[in-house]
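The entries below follow the order in which I went through them.

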Amino acid sequence: MDITYDIHGNTRLASAGIKLRCKLVKVVMTRFAAVTALCALLTITSIQDPHAGVAAQDGVVVEPVSAFAKVENRIGAVPLGSTTDAELVARERDTLAPKERRNGESFEFQAEVSRLMDIIINSLYSNKDIFLRELVSNASDALDKIRFLSLMDKTLLSDGKDAELDIHIKVDKKENVLSIRDNGVGMTKEDLIKNLGTVAKSGTSSFLDQIQSGGDLNLIGQFGVGFYSVYLIADYVEVISKQDDDKQYIWESSADGSFSISEDTENEPLGRGTDIRIHLKENAAEYAAEGKLRELVQKYCQFINFPIYLWVGKEIEDPVEEDKDTAIGKGTSAENLEDKKEETEDEPDREEAAEPKTKPVKRTEWNWEYLNNMKAIWLRNPKDITPEEYNSFYHSLTKDFSEDDPLAWTHFNAEGDVEFKAVLFIPSKASQELFDDYYTNTPQLKLYIRRIFTSDGIDELLPKYLAFLKGIVDSDTLPINVSREMLQQLSSLKTLKKKVVRKALDMIKRIMDDDPDEIISEDEDGLEDNEEEQTNEKKGKYAVFWKEYGNFIKMGVLDDSANRKRLAKLIRFQSSKSGEKLASFDQYVARMKPDQSHIYFMTGQDKNQLKNSPLLEKLLKNEYEVIYFVDPLDEYVMQHLTEYEDKVFQDASKDSLKILGKEGKVKMKKAAKMYKKLTRWWKDLLAGESIGFVKVSARLANTPAVVVTSRTGWSSNMERVVLAQALVDPSKVSQMKSKRILEINPRHPIIRMLLQKVTEDPADEVAHRVAVLIYETALLESGFTLNNAKTFAEQIHSLMKLVLDVDPNAQVEEEEDEVDLKDDDSELNNFELEGTGENDNGAGNISDPEPVNMLTEHFEDIETRVASDFGRNAPPSNDVVGEDDVKRQIFKEASQIFKPDSEQSLNDEL
């Protein structure tokens, strides 16, 4: 009896009967062990603890102490222990659960408030400029709030000055104080304590909570964290505020952990509103400049609903009449005045009253400048906006003051989890920076949150391939008082991005649909007849778009798998039936043959190369349409596109090209059987050439052979594209190459003759050389490069010798000694053409040691001068100077220049 052992050490018996008995014994032993363990456990638990049953004393329950250690208390002593009693999990959970200790002493966390404020301020904001954005947004919030409350109480906004809701910004350069004032709702003393005394406390949030059904109030301000951004540029801040129901108070703090509030008795009454006075730091002096403040307002707050004014001074010159005393002081004495008086009496014709002399005096005139005069066009109904208004808004938004209007625009509103309004534009021309820095480009969309500019460089707002779009996105649901880095991590931003991409692609598709050249029709002649009659300005617009942004759409096919089908409809190309126009996949499918199930394409360097490629002979002969992809990016695009409208893409340069019907397949099987010996012989011959196999081809018409690759391998064009890239390791590229396949044309006379020779004598030297030459020629015609071009050239030279009946063993003649022309340089440098009388301007200088080059240069120069002489000294009309006369003159002059000293001919010298 054979006994084996399994991986657990249990015996494994060879006999089936013995195995069954062993299983029964094992089951019995297992059950017996379980019963024994249960009895032992019952025995242990039945033993009474000497301390058990102690009654409760004074209301406190005394836990019994067991004389035996609990299982879990000693389980750590057993390295492999894996079991315990059933209540262990519950006791461990109670042990780990947080509970308040009775005898514990409580302490409070200690924190330096000033240090905490510094961390909060500098971690939330990375750009000092946004302080103005935050404060203006708070002011806009206060104005919105009073306007809403006035709907319920009209007395809040009377007909006086307080009815004009606006924001004023003023700088006191002497005191280095920046003031931002609004006439909004204002704050009471309690509001100042709650909103400004508690970090991250939002009065606006509380107001929105109280009026849950208040509708779209567009309230932004987040007093607290947003307000404290002012300390990025301020050492000390005063907030003067007045509400209708309370007195005017001053809140002041240096962000050092404390603040103070007092009744304002020193400043002028505000009436209603808030005035924030910012005492600038020494390193923030730039924010006291009017130009800097104007720039920030136009950047961040251009589309605020309320007017924003800046107190600016402008120097003007006033003409002031000069005093007589001043005129005397300028060098005119009293005696001279008397003399001039006498001269004046002698001139009666002079005007009695001359105009008084004036001088310019400069003075500064101060006025309020209206800054945010640009209206938020996206808040209006698109039906009410004219194309001229969209074009004007585009030029203002993008600072593009050229005469080129955008190609297209889209204006839409989005609702749902993220509510926003957007206007997107496609510029008429793509900037070069988009192509140079594709992967480092940031979207050119400006993100606004309730008309407050937030950022224009958020990567998560648009994918890279749509970075050419320009416009704005204004959201009512995104938070404003966060940094750009924190904003990019919001999940709601991904939802916004998805909707923006969808609308952008719809806009591009609308350009295509509106273009008459993009009509899908099988009657191409009819389209051409109607083109002359169409005057639509949208004609040819999509071709312009594709020329500027076609590569971005292709990159979208690579990067955006979710929208790949949408992007495929936007791709344009040239094909064998499109002529010079661009075609789409929809147009290709519309022109397909009834029995055609594949979309044929081929990649290469240019259209002419592909059109003449032997790989397409049979396809073009059978009138199948073939797409010509000539951009290097097309190779990568077609690796991601496998089918279109249930039509499979087929690369014509790869194996498994399916163009034959049932009858054709039968014929190919017969041909393959006939050439079986030749294909095997040929494969063995090219064993070192990375040839996978040799087979009979169905794609060839007039060419003897071509080289293709496997369906999953690189095409010849892909190999060229990869090797042309910088920092490419050729050794790794060679590993990625697939086995090449040599396809031969069974109907070609060369292949037939080669089959005959191989059948007669497989060791025929001529057959070997011809087979190698056919393979190398096929490599070149198929777009591949030769590993050894010199060997191929030698094969061609041998073939030339055979055709020209040259002795194969003929040697090249020895080269004779070269003639030293160095002594003739001086004569050539001073050479002048005979009969012209003009200097040669150095045309005869020999700077090139090659005599042929020198002769060519002189021939060109002489030909020009002789032709000029013939033009100046034209013979009579009855004398005709022919082209031969000019040539004879040229060679006569040249022979004089290069006449050798010896008796050798010119040819011998060269």
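The areas themselves come from the Shrake-Rupley method, and for residues only the protein chains shown count as cover.

I noted that this is a predicted model, in which local features need pLDDT of at least 70 and side-chain atom pairs count only at pLDDT 80 or more, while totals for chains, interfaces and linings use all residues. Residues are numbered from 1 along each chain as its sequence is written, and side-chain values use heavy atoms, with hydrogens and water left out.

**Entry 1: salt bridges**

I took a salt bridge to be a side-chain nitrogen of Lys or Arg within 4 Å of a carboxyl oxygen of Asp or Glu, and I found 29 of them listed for the structure. I looked up E268 and saw that its salt bridge is with R181, with 3.4 Å between the closest N and O atoms. This pair links distant parts of the chain, since E268 is in the loop between β7 (259-263) and β8 (273-280) and R181 is in strand β4 (residues 177-182), 87 residues apart. For the element names I rely on DSSP runs, numbered from the N terminus: helices are H or I runs of at least four residues, and strands are E runs of at least two. E268 counts as exposed because its relative accessible area is 53%, whereas R181, at 26%, is partly exposed.

In the loop between β7 and β8 I also looked up T265, which is exposed at 69% relative accessible area. Its C-alpha atom is separated by 8.5 Å from that of Y249, and the two residues are 16 apart along the chain.

I then turned to R380 and E389, whose side chains meet in a salt bridge at 3.2 Å, N to O. R380 is partly exposed at 35% relative accessibility, and E389 is partly exposed with a relative accessible area of 29%.

How far apart are N and O in the salt bridge of K790 and E794? I read 3.9 Å for this pair. The two residues are separated by about one helical turn because they stand four residues apart in helix α27 (residues 789-803). K790 counts as exposed at 58% relative accessibility, and E794 as partly exposed at 42%. I also noted a network in which salt bridges that share partners join D655, K695, R699 and E743.

**Entry 2: charged patches**

For patches I used residues with over 30% relative accessible area and no salt bridge, like charges being joined within 9 Å and nonpolar side chains (Val, Leu, Ile, Met, Phe, Trp, Tyr) within 5 Å. Lys and Arg count as positive and Asp and Glu as negative, while His and the chain ends are not counted; each charge is placed at NZ of Lys, CZ of Arg, CG of Asp or CD of Glu.

Which residues gather in the patch of positive charge on the surface? I found K658, K662, K665, K669 and R711 there. Of these I looked up K662, which lies in helix α21 (residues 662-674) and counts as exposed at 74% relative accessibility.

A patch of negative charge on the surface is made by E388, E403, D404 and D405. E403 is in the loop between α10 (387-398) and β11 (408-414), and at 78% relative accessibility E403 counts as exposed.

**Entry 3: covered strands**

I counted two strands as paired if DSSP finds at least two bridges between them. Strand β15 (residues 470-475) has five of its six residues buried, so it is largely enclosed by the rest of the structure. β15 pairs over six bridges with strand β12 (residues 420-426) in the antiparallel sense, where V423 has I472 as its bridge partner. With strand β13 (residues 444-449), β15 pairs in the parallel sense over six bridges, and L447 is the bridge partner of V473.

Strand β23 (residues 740-744) is mostly covered, with five of its five residues buried. In a regular strand the side chains alternate between the two faces of the sheet. In β23, R740, L742 and I744 point one way and I741 and E743 the other way. Strand β21 (residues 691-696) runs parallel to β23 and is joined to it by five bridges, with V696 opposite I744. Strand β22 (residues 705-709) runs antiparallel to β23, also with five bridges, and V707 has L742 as its bridge partner.

Technical notes: Areas by Shrake-Rupley, 256 points an atom, 1.4 Å probe, with all protein chains shown as cover. Buried < 20%, exposed > 50% of the residue type's maximum accessible area, 1.4 Å probe, protein only.
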